[in-house]
2 protein chains.
Amino acid sequence: MRAVILAVGTELLGTDRLDSNSLRLTAALERHGVELRWKAVVGDIEPAIVAALGRALADAELVLVSGGLGPTSDDVTREATAAAVGRGLRSDPEVMATIARRFERMGLPMADSNRRQALIVEGAVALRNARGTAPGQRIDLDQRTIFLFPGVPQELDGLIADALLPWLGERCGAVARETVTLRVAGVPESEVEERVKPAYPEFGRESITILASVADVRVRATAEGPPAERHERLARMTERLADLLGDGLYSRREEDDLETVVGRLLRGLGRTVATAESCTGGLVAERLTRVAGSSDYFLGGAVAYSNAAKEAVLEVAPELLAEHGAVSEPVAAALASGARRRFGSDYAVGVTGIAGPGGGTPEKPVGTVHVAVAGPLATEHRRLRIPGDRERVRQYTSQVALEMLRRRLLADGAREAS
Amino acid sequence: MRAVILAVGTELLGTDRLDSNSLRLTAALERHGVELRWKAVVGDIEPAIVAALGRALADAELVLVSGGLGPTSDDVTREATAAAVGRGLRSDPEVMATIARRFERMGLPMADSNRRQALIVEGAVALRNARGTAPGQRIDLDQRTIFLFPGVPQELDGLIADALLPWLGERCGAVARETVTLRVAGVPESEVEERVKPAYPEFGRESITILASVADVRVRATAEGPPAERHERLARMTERLADLLGDGLYSRREEDDLETVVGRLLRGLGRTVATAESCTGGLVAERLTRVAGSSDYFLGGAVAYSNAAKEAVLEVAPELLAEHGAVSEPVAAALASGARRRFGSDYAVGVTGIAGPGGGTPEKPVGTVHVAVAGPLATEHRRLRIPGDRERVRQYTSQVALEMLRRRLLADGAREAS
């Protein structure tokens, strides 16, 4: 089976936005060995969408469209698709009722324009969208199938899982290609590449890819072929790569962020955590609490920007601030132990630093950050010099803080078990 | 003039890379008022490139192609373009000499494959590439023009500056198109559309676009034509749209996020702020402190997940928690006033709610959130029922909290001034 992906949206033809939805759709296609022929972006212009659909249907059996299902009059994917396949549109009463209930629940009046979101191409299957207003649609033609998806990424993800993957599974049989993602924190990308190099001749250079973001690296191992062979190969690759990556490896699952893994460790050990942050401004707490169920182990956090707040809320001694300055090892440690006391947690993270662009000095330039992790047995500290802008310094710091906490929890857990 | 952009490269059809070259080319087009009809990505497959070029030439007078000019045998853009326009390829002796000199300078032997990079479509103009081996090419057809560019971003940038912009300048005159972005919070997308509708007949439907993310909407007004006329028109559009959007409008600049605008108001009024968050887990503090210089007005925040933390850190009365539950109007208000006292700030935001997926009850389902803003004059409260997953509930809540704070600051500022 061959596929074409179309992204609809005039905003995607400007200078500041890329169609990242196609990556999500491509991942689904790859899982089932469907070849992507080409992909394109068209504006919210009916004849342009009609033309693109015609070309896509000429080249592929499967056409995946995202975007243009919103309520406003510039959302014309529904109309264009109906025109492209020579059918009409009808209002689906069930979809209409779902939309009405949604607005009722929110206590908002439904705008007339939302009625358009219940329009379905004649003969199409409406695909339930649990996270938004507009349903997806599947239009089966002779030898061809079109899927229409909303452009909002979370809604698209839901529909890929609920509608596209099951359909692909039925049509293309089981997964023909599988990937395992190894996630690594606190190791630079070039160092990760050096570490995994020995695996290239063993498994083939193209079956291993490395993808880096801020202080976080994904190593992806891919295997193809019949199930038994593929699983065996992937298991061998995973073991070998895990060995090579060493203690930076924090998960063997794509969907595990560092905060998820830290949360799992805390839950497993029956321990709790708190945070005290200056330059990260709440980012460490925000990441820890992104995880569903984090209220079981996250007790609370303080963002202490001013010295007064550091003293009043976290009982950092004024003399410490006066002697060493707010950005220092003793203050990071005092923030962590202050948070432990204040929130009554087993562990706490303390962060203080200069995220920039202002506030740097020759001795403490922008990017200077101190991170401390306090636990029942000890308090650890790291000093960082992080290059980059404010956002990067904050992101990098939060990653280091969580990684220090992860290693501390592993070490304490091992000690307890022994 | 209308244009189509094609990116060539099998690696751009995978799951981890996007065609960002098209953004650079689009910026050049926009500067000269050239309309981008669509853009597409095709693999390094000759017939696929030939087909895409045929479609592009059917839709536009200008076709910009990037990628596939490298020395290896999978780089076939040259061959495909020659086939698409029915011409041959010839080796350009001048280009060949330049390539040979380049290798000589680097002290490297020239691989045979590099000879392919001197191949030029018959009748094409070779465009000097100061930063790489392969030249660009301009192919003038009857009423149509094709540009071939290398895919390496720095080489592309050089050729845009040296070849594309001068050519566009000659053909289309000076810059011809400008955009103003109006940013709106706390108004649903469909309601924004209702509000701006009256402006469609006045300025043309296609000159106004609406772009929504979570509880945040951008309205973009675009004007074309000679400078004086264009500025005057854009000023009139901006005034009219601002009028229609009313009090939801928080900025007339694309780059202003809500936290930036709130920060500017706090700084202007010489006021400070603090936060007390439960379900948003630090997101409101994190957003406020993303802004450079926020330490001037942001004093601190608390993330009080447990009831014990709400009592200990923010002095929320235990009776209040027992009587109304943690997710209630009185507790949101107590969190806000507790943060005001604790951090000694003029204003404070209090948030409590159920982000899900667990924790919902029939009376207080997932998505139930209470937000309070306490100030020197009054404490305000809103109850929300937010549909969607944990991430959406948190993002939406933070947006509402910042928008309530913005309106409170505006009202207090106006009262002070009067």
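Here is a tour in a few stops, from a sheet to some aromatic rings.

First, some ground rules. This is a predicted model, where local features need pLDDT of at least 70, side-chain atom pairs count only at pLDDT 80 or more, and totals for chains, interfaces and linings use all residues. Residues are numbered from 1 along each chain as its sequence is written, chains are lettered from A and ligands numbered from 1 in the order in which they are written, and side-chain values use heavy atoms, with hydrogens and water left out.

**Stop 1: the sheet**

Colour by chain and look for an open sheet of ten strands, in the order E17(A)-E16(A)-E15(A)-E13(A)-E14(A)-E14(B)-E13(B)-E15(B)-E16(B)-E17(B), with mixed pairing. Strands (E, at least two residues) and helices (H or I, at least four) are DSSP runs, numbered from the N terminus, and two strands pair if DSSP finds at least two bridges between them. Now select 379–385 in chains A and B: these E17 strands stand at the edges with a single partner each, so one side of each has no neighbour in the sheet. From one strand to the next, the twist averages 10°; axes are lines fitted to C-alpha atoms (for helices, over the stretch in contact), with angles from 0 to 180 degrees between N-to-C directions.

Next, select 273–277 of chain A. This is E13, which pairs with E14(A) in the parallel sense over five bridges. Zoom in on A:Thr275, and you'll find A:Gly301 of E14(A) opposite.

Which strands does helix H10 of chain B touch? Select 283–290 of chain B to see: H10 packs on the sheet, touching E14 of chain A plus E13, E14 and E15 of chain B. Contact means heavy atoms within 4.5 Å.

**Stop 2**

Rings of Phe, Tyr and Trp (its six-membered ring) pair if their centres lie within 6.5 Å; planes under 30 degrees apart count as stacked, over 60 as edge-to-face and the rest as tilted. The pair crosses between chains, from strand E14 of chain A to the loop between E14 and H11 of chain B. A:Phe298 and B:Tyr305 are both buried (under 20% relative accessible area, with exposed over 50% and partly exposed in between; 1.4 Å probe, protein chains only).

**Stop 3**

Finally, select A:Phe147, A:Phe149 and A:Trp167, which form one aromatic cluster. Over all chains, the count comes to six aromatic pairs.
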